[in-house]
Amino acid sequence: MKIITSTLLLCSLAFSSCHTDDSSKSLLEKSEKQLSMLRTAALNEHKNPRTLTKDGHIHWIQSSYDWTEGFWPGTCWMLYEHTNDKKWKEAAEASQQLFEPHKDLTTDHDLGFIFNNSYGKAYRITKEERYKQVLLDAARALSTRFNDTVGCIQSWDVDHGWQAERGWKFPVIIDNMMNLEMLFEASDITTDSSYRKIAVAHANTTMANHFRPDGSSFHVVDYDPETGKVAHQVTAQGYSDESAWARGQAWALYGYTMCYRYTKDKKYLNFAEKIAAFILNHPNYPEDGVPYWDFDAPNIPNEIRDASSGAILASALLELSSYTDDKYLASAQHILDSLASDTYTAKTGENGNFILKHSVGSIPHGNEIDVPLNYADYYYIEALSRLKERGL
C-alpha cells in the first residue's frame with residue numbers, strides 16, 4: 001500500500017490548490033515568468049545561480065568550479081527554444097562563458113553535466129561551430145579519466161576533500177551515467193568511435209557492479225585501479241550503504257534510457273524498465289510521485305522530499321515512455337502535475353525566483369536541505385519541454 005503523507009492529506013482537502021490541469025505550454029510560460037527575474041539578477045551579478053542560502057539569499061556559483069554550473073545556461077537555452085526570445089539566448093551565452101575555460105579540466109567527471117547541458121544545447125539549437133568545439137574539448141578532457149582495466153570513468157579524485165578520507169582508490173558514482181551523453185554526442189559529431197566505446201564500457205561496467213538484484217543502485221562503487229576488482233559498494237549521499245538514495249535511482253533511470261537512445265541496444269532499455277519498476281512499485285514511493293530523499297529513510301512518511309529527484313524521474317520516464325508505447329507516460333505526467341502544484345512550485349517572485357521548492361543536495365553532509373536547486377528547475381523545464389513536444 002502506498003504511503004500518504006500529511007501534505008497529501010491536506011491536498012485531498014484542498015484539491016484545487018495542490019493539483020493543476022495546466023498544459024505543458026502554460027506551465028512553461030509560468031516558469032519563464034518566474035525565471036525572468038532570476039535572469040535579470042544573474043546578468044547583473046555576472047554569476048550563475050545555484051540555490052538559496054539559509055538566510056534566503058541567492059547562492060551564486062563561484063568562478064573556480066562547480067558541478068552545477070551548466071544547469072542555469074542549459075535552462076536558458078531551453079527557454080530560448082520555447083519562446084524564441086533572444087533575451088534567453090543572450091543570458092545563456094553570458095552565463096556559459098563564465099566557465100568555458102573549465103572545458104579542459106581533467107580532475108573531475110562532471111564535464112558532461114556542465115558542457116553537454118550548456119554548450120551541447122547551444123550547438124544543437126544554433127549549429128554554431130564555436131559551441132561544437134567547446135563540447136568536443138570537454139569530451140576529450142572527460143575521456144582522459146577512463147581506465148581500461150576498470151572499464152569506467154573515475155568520478156572523484158581521492159587526493160583531497162572528504163573523498164580522500166574514505167580510503168577509496170577509484171570511486172565511480174551512479175551520477176556519472178549522466179556524463180556519458182556528451183561522449184555519445186562527441187562520437188556522433190566527429191564519427192570518432194572512441195568516445196562511444198568509453199561510454200558503452202562505462203555503462204556496462206556500472207550495470208554489472210552498481211546494482212542490486214531488485215534494480216536499486218548503490219551510490220558509489222570503488223574499484224582497484226590496478227586489477228579492476230570491486231573494493232567497496234557504498235552510498236555516500238543516501239541514508240545507508242544498503243539504502244536507495246532517491247536521486248541516484250533517478251540518475252540511473254535517466255542514464256540507461258539515454259544509453260538506449262544512442263545505441264538502440266535492448267539490454268539498456270530492459271534495464272531502464274527494471275529500474276523504473278523498482279521505483280514505481282516501491283512501497284515507499286509516495287502517492288504524489290515526488291520521492292522522499294531516500295527510499296529507505298527511517299522516518300517515512302515524515303521525511304524530506306526531493307523535488308530534484310522527481311523532476312529527473314519525470315523527464316526520464318517521458319523519454320522511456322516514447323520507447324515503450326507510452327507505458328510510463330501517465331506516471332511522468334502525474335509527477336509533473338504534483339511538481340506544478342502549490343506544494344512544490346513557488347509563487348511568482350518568491351523562492352529566490354527559482355521555480356521548485358523542496359529539493360535536497362546531501363543530507364549526510366548537511367548540505368542544501370529543503371531548498372530550491374538549479375538542477376531541479378533544469379530537469380523540470382526539460383520534462384515540460386518533452387511533454388510539449390508530444391503536444392501535451
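**Strands and helices in contact**

Modeller: Happy to, and please keep in mind that this is a predicted model. Tyr 223 stands opposite Val 230 of strand 7.

Biologist: Over how many bridges do strand 6 and strand 7 pair?

Modeller: Strand 6 covers residues 220–223, and its pairing with strand 7 is antiparallel. The number of bridges between strand 6 and strand 7 is four.

Biologist: Which strands are the edge strands of that sheet?

Modeller: The sheet is open, with three strands in the order 5-6-7 and antiparallel pairing. An edge strand here pairs on one side only.

Biologist: How are helix 3 and helix 4 oriented to each other?

Modeller: Helix 3 (residues 24–45) and helix 4 (residues 71–83) pack with their axes 11 Å apart, at an angle of about 130°. Angles over 145 degrees would count as roughly antiparallel, and 65 to 115 as roughly perpendicular. The two helices, helix 3 and helix 4, are therefore oblique.

Biologist: How many charged residues are in the contact of helix 3 with helix 4?

Modeller: Helix 3 brings residues including Lys 25, Glu 29 and Arg 39, and helix 4 brings, among them, Trp 72 and His 82. The residues of this contact divide into six nonpolar and three polar, and the charged ones number four.

Notes: Residues are numbered from 1 along each chain as its sequence is written. This is a predicted model: local features need pLDDT of at least 70, side-chain atom pairs count only at pLDDT 80 or more; totals for chains, interfaces and linings use all residues. Side-chain values use heavy atoms; hydrogens and water are left out. Axes are lines fitted to C-alpha atoms, for helices over the stretch in contact, and angles run from 0 to 180 degrees between N-to-C directions. Angles under 35 degrees count as roughly parallel, over 145 as roughly antiparallel, 65 to 115 as roughly perpendicular and the rest as oblique. Contact means heavy atoms within 4.5 Å. Ala, Val, Leu, Ile, Met, Phe, Trp, Tyr, Cys and Pro count as nonpolar, Asp, Glu, Lys and Arg as charged, and the others, Gly among them, as polar. Two strands pair if DSSP finds at least two bridges between them.
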